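Here is a short tour for a reader meeting this structure for the first time. Keep the view open while reading.

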Amino acid sequence: MIDFDVVDIKIPKDANIIIGQTHFIKTVEDLYEVMATASPNAKFGLAFNEASGPCLIRHDGNDGELENVAIENAQAIGAGHIFVLLMREIYPISVLNSVKSLQEVCNIYAATANPLQIVVGITNQGRGIMGVIDGFPPKGVEKDEDISKRKVLLRQIIKYKR
């Protein structure tokens, strides 16, 4: 038998989040290194749910608020071998490939600043992430004006050229 739970994820103001699945306790050190070397201005906090042995929530970061919220989110999800990485002053796109390339990272569920919900399956063994609800449903199809606004925004954010 399986039950489901929906967990509302806390994302502090002006922060982004990456949630993923991993399989090794070294994840905490490796994610810290990715963030610390990505940008000297990056602020971050991370938490990792161990799935064997003492089954602790391991954590680290360079911003106390983000680290505490990462712990809260990891605890609320309650699934083993997941990590929660919150960041400010850097975008997920700047670190996502580095995070995905870590040997122990198995899957990325979300990288967003949108309101986020995690769908958790619950069995007699424990909890696992089934999927995510990231943001809101579409309200329409972009028109020429929307395309122009999108291109201006991209050029402002990442100096996108096309």
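Cys55 sits in the loop that runs between strand 3 (43-49) and strand 4 (57-61). The model is a predicted one. In it, the phi of Cys55 is near 50°, a positive value in a residue other than glycine. Most residues other than glycine have a negative phi. Cys55 counts as partly exposed, because its relative accessibility is 46%.

Glu89 also has a positive phi, near 60°, and it too is not glycine. Glu89 belongs to the loop between strand 5 and helix 3 (96-100). With 56% relative accessibility, Glu89 counts as exposed.

## Cysteines without a partner

How many disulfides does the structure hold? The count is zero. Cys55 is in no disulfide, and the nearest cysteine sulfur, that of Cys106, is 16 Å away. A disulfide needs two cysteine sulfur atoms within 2.5 Å, so a pair must meet that cut-off to count. Cys106 is likewise in no disulfide, and its nearest cysteine sulfur is that of Cys55.

## The nonpolar cores

The largest nonpolar core has 21 residues. Which members touch the most others? They are Ile9, Ile19, Ile77, Val84 and Ile118. Helix 2 gives the most, with six residues.

Leaving aside neighbours within four places in sequence, Ile118 is in contact with Asp5, Val6, Val7, Ile9, Ile19, Ile77, Ile129, Gly131 and Val132. Another core lies apart from the largest one. This other core has 17 residues, among them Ile90, Val95, Val99 and Leu102.

Val28 lies in helix 1 (residues 27-38). Is Val28 buried or exposed? Val28 is buried, with a relative accessible area of 4%. Residues up to four places away in sequence aside, Val28 touches Leu46, Phe48, Arg58, His59 and Asp60.

One of these contacts is with Arg58. Val28 and Arg58 are 30 residues apart in sequence. In space, their C-alpha atoms are 7.0 Å apart.

## Salt bridges

The structure holds eight salt bridges. One of the residues involved is Glu72, which pairs with Lys10; their closest N and O atoms are 2.6 Å apart. Glu72 lies in helix 2 and Lys10 in the loop between strand 1 and strand 2, so this pair ties together parts that are 62 residues apart in sequence. Glu72 is partly exposed, at 36% relative accessible area. Lys10 is partly exposed as well, at 48%.

Glu65 forms a salt bridge with Arg88, with the closest N and O atoms 3.0 Å apart. This pair links distant parts of the chain: Glu65 is in helix 2, Arg88 is in strand 5, and 23 residues separate them. Glu65 counts as partly exposed, at 42% relative accessibility. Arg88 counts as buried, at 15%. The side chains of Lys26 and Asp30 also meet in a salt bridge, 2.6 Å from N to O. Lys26 is partly exposed, at 41% relative accessibility, whereas Asp30 is buried, with a relative accessible area of 10%.

Methods
Residues are numbered from 1 along each chain as its sequence is written. This is a predicted model: local features need pLDDT of at least 70, side-chain atom pairs count only at pLDDT 80 or more; totals for chains, interfaces and linings use all residues. Side-chain values use heavy atoms; hydrogens and water are left out. A nonpolar core is a set of buried Ala, Val, Leu, Ile, Met, Phe, Trp, Tyr and Cys residues joined through side-chain atoms within 4.5 Å. Buried means under 20% relative accessible area, exposed over 50%, partly exposed in between (1.4 Å probe, protein chains only). Helices (H or I, at least four residues) and strands (E, at least two) are DSSP runs, numbered from the N terminus. Contact means heavy atoms within 4.5 Å. A salt bridge is a side-chain nitrogen of Lys or Arg within 4 Å of a carboxyl oxygen of Asp or Glu.
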